[in-house]
Amino acid sequence: MNTTTAGVVFAASLAVALGLTYRPFGDYLARVYTSERHLRAEKMTYRLVGVDPDTDQRWSIHLRAVLAFSCVSALFLYVFLRLQGRLPFNLGFDGMAPGQAFNTAASFVTNTNWQSYAGESTLGYLAQMAGLAVQNFASAAVGISVAIALVRGFSRSHTDRLGNFWVDLVRTVVRVLLPISVIGAVVLVAGGVVQNFHGVRTVSTIVGGGQAITGGPVASQEIIKELGTNGGGFYNANSAHPFENPTVWTNWLQIYLLLAIPFALPRAFGKMVGDTRQGLAIVSVMAVLAITGVFLVNGFQLAHHGTVPTAVGAATEGVETRFGVSGSATFAAATTLTSTGAVNSAHDSYTSLGGAVLLLNMMLGEIAPGGAGSGLYGMLVVAVLAVFVGGLMIGRTPEYLGKKIAAREVKFAALYILTTPALALGVTAVAMALPGERANMLNSGAHGLSEVLYAATSVANNNGSAFAGLTANTAWWNTVLGISMLLARFLPVVFVLGLAGSLARQRTAPVSSGTLPTHRPLFVGLVTGVAFVVVALTYFPAIALGPFAEGLH
Amino acid sequence: MDESAITGESAPVIRESGGDRSAVTGGTLVLSDRIVVEITQRPGESFIDRMIGLVEGANRQKTPNEVALNILLASLTIVFLLAVVSLQPLAIFSRAQQPGIPDNAALDADGVTGIVLAALVVCLIPTTIGALLSAIGIAGMDRLVQRNVLAMSGRAVEAAGDVDTLLLDKTGTITLGNREAWAFIPVGGVDERALADAAQLSSLADETPEGRSIVVFAKTTYGLRERTAGELPTATFVPFTAQTRMSGVDLATPGLRGGGRQIRKGSASAVLAWVRESGGSAPPDTDHVVDGISASGGTPLVVAEVLTAGAADGGRTARVLGVVQLRDIVKAGMRERFDEMRSMGIRTIMITGDNPLTARTIAEEAGVDDFLAEATPQDKLDLIRREQAGGRLVAMTGDGTNDAPALAQADVGVAMNTGTSAAKEAGNMVDLDSNPTKLIEIVEIGKQLLITRGALTTFSIANDVAKYFAIIPALFAAVYPGLDTFNLMRLHSPQSAILSAVVFNALVIIALIPLALRGVRYTPGNAMAMLRRNLCVYGLGGLVVPFVGIKLIDLVVQFLPGIR
């Protein structure tokens, strides 16, 4: 089997696996959020926190709950990281510096998992387990809860209630993330991922030198890193580290896990709005964009002009030989298409056009399929805009699932779409204008520009993967990127919940042959087109001066 | 009054004090007599003022969809501003990477020159659609005015495009205003031709539309020539009265005093009573025929005659000749129109005062989706409320004061100009031709308005792709030669490329004005087909057209003096 065939089989088997679980997993998710019953563990949690699980929240209350929960999480994590030196199991590491602690807290609470620190040389076991891993669960659950609130906005009629944030949050953790994580972690351990409390061991290497090797509770953190589309690795090398991702099949499993929830949520959406074809249309848009992304990255990595790639047969620089070019390219595409940001290869070393596709994957706004929850709500916002344009063209006030897309809805959708480009382009422009910050680039010229653009884009989309090269652990970068992550996460949440509130308030208009059908291939094409054209128009100049300037000859 | 100034109808109309038809409109002429008018309208708000205001669009309020579209365009503008503003530091940085290349008019050490940045912004922000948006709205209003419909607000025009349910009055809208003769059904073995002749004779002086239709029907179907009153010197016509409920003719036999033939037609009970009074009896199949016609939704008129041999012997024979079937005539082409409506997703409901049986027959014949029989104003109002509670938008027409509540409740209420002032106040449109069928056209105009907006927006945004392909390589190909790959159009020089893009941007607005005013071609049909067509024409077209346009302009512009 040659490299290309292996790559095709690798990616195709992932697609088949995702296709097989789409229906059962999506149906299960829909049941989780529509069930009337509370489990005993959940009831105990509600009593402990002091929440009445049977109250329904208005969008403003729902939003307040999301923000309050995230704010408390961030503060807790910040203090935790700062005080690490005085807490047990710290492996002797001191507390994080204020700038970096702020950046890290913002990063993990927003599901970004941008890491300006190296895990094994900065954080002890307590901070990793009780600090970061907890947020890996919580931030993913927050994203899914917001997405479910938006789905209820579509499915409910003439009400101002969107469900209960606390119930959705707790159920996501108890019924979805925890069970899969427990099983998944055991499977990963079976694959060779470490799970111990050995601390740092010094071993003698073959050449006779000594090397410090840090063990730790890796599997338990690795599983939720992928499942919750978080991406923050235990080790600095992330999924390229043999203790995190030892074999080809754990590599496959990790990619599958990070795509599983985002690709299944559209089914839950279809189920909850009472028309599974609607979910199929949404997942089709995601799939078209995702397959294109995976195909292009693989293509550019396997066949690229340039002296070295031509000589070797593929772009092997920065790639783990365990996984090969294709296993790395597919991982890189998947991690940028979802807002995961875990990496198993050095994106900085990708061919310039391969790197451009990774950038574009993120610039799509993390909707194909995007992060846990955030992917679905991002895609639905794009669908709302597509419906607006398409609806006008058939001569009716646009309607999506029986809800009119009028001024208020367009306002929220437009603000949502504006946020990410404003942050990504704003941070890039400012950084490029400041000579001091620009100096943190590893490379000069167009590639250096790509490094900055990549960092700003990754953070503005809550992705968290790094092009590497850029030295981001400075006061300026830590602060600016930290603020950018917070705005990129919570401004859209405000707009999404506002949109959900205004949709839920409407009566559901009946569907007739005069309304825009939103489950047909034509609509899939329209949404794909809108997503692509908006991204292309926004980022074309920046991309042209970065990777395209470098890659086109 | 001559109201042609507002209706275009030259026939004068009567306005009298008291009652519903007492209102006069400013700008109309008194033709005879003298009127005293009390003016309750405030200055500047008269009918004519409103008409002028609507057409001028002076104080036009933005409609909901227009507001939504403006928000979208504003956010796109911000996105493009961001893209252009953030380009500058990147440009300065990129330029600094290649210190060897000479400065040019577009890019120097200080980055992209101001004029080129301005050109880029102008090209990218949705100026085309922004400039045309008001024109499209006013043109929509104008199309309505050309069809003699006055909309009180643009909102109503837009709502017309969204209508899900159309309430149509049976009489005048779906059927011709009056019932017409449809068949002559003889009873008791009478010759069909004899019945037709008798029916025609009895109707000669009958000026009601029903009467005239009998005369015409007898002529066209049985070839019976219409006789004028003068040809029958001995005839005495008996007019219809509410008491007798029949009309007819008495034909004296010349030379036989008191002898002759009396023919009567009228409602079954009245004519049958008359026959019995005259000593005759109805054949047993009469009741059967009469009931059959009633059941099928028609109106039976019984025709009978009494023959008097002469005053001398006083011998009289009375007999029933047969039954004339009158029925509603559905206007030509209505079924096709309703099919069209259905394919557009609009449900039509017929409103009638008839009994359910009659209503069902007409409804089936006309092809409407549903009907409301024996409708009272309250029933209408309830029906509208029910439809609206189901999330549907309702349109209706009306002219009477009793229609006013329903007109006010409906999302689109079209009042007839001949209607009462209460109706005109309650509706949000007035049809000056008082043609209820026009509701269908109003719906189409509303849809066309929205389609034009959507299509031009799509076109305008799609245009931007080509402009990037013209300007970005023009700006940066000197710094990064690889970017010349994007110069798909192979434009002559950076200068000519930027100039061509700006010129194209200006020309396309002018080129689209006629389309904005005329409106995008609209053929009723289902949503899928319409979306596919418009996406192809305005989406793909919007992508391709500027590539061609900019290239063509570049071919000319490159010969201008001063262009390198």
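Trainee: Is Cys71(A) buried, partly exposed or exposed?
Mentor: This is a predicted model, where local features need pLDDT of at least 70 and side-chain atom pairs 80 or more, while totals for chains, interfaces and linings use all residues; side-chain values use heavy atoms, without hydrogens or water. Residues count from 1 along each chain as written, with chains lettered from A and ligands numbered from 1 in written order. Buried means under 20% relative accessible area and exposed over 50%, with partly exposed in between (1.4 Å probe, protein chains only). Cys71(A) has 44%, so it's partly exposed.

Trainee: And what about Cys123(B), buried or exposed?
Mentor: Its relative accessibility is 0%. That makes Cys123(B) buried.

Trainee: How many disulfides does the structure hold?
Mentor: You'd look for pairs of cysteine sulfur atoms within 2.5 Å. Over all chains, the count is zero.

Trainee: How many helices and strands are in chain B?
Mentor: Both are DSSP runs numbered from the N terminus: helices are H or I with at least four residues, strands E with at least two. Chain B has 18 helices and 15 strands.

Trainee: Why is chain B called more spread out than a compact globule?
Mentor: The globule rule, 2.2 Å times the number of residues to the power 0.38, is set against a radius of gyration over C-alpha atoms. For 564 residues the rule gives 24 Å, so chain B is more spread out because its radius is well over that, at 36 Å.

Trainee: What share of chain B's residues count as buried?
Mentor: Take the 564 residues of chain B. The buried share is 52%.
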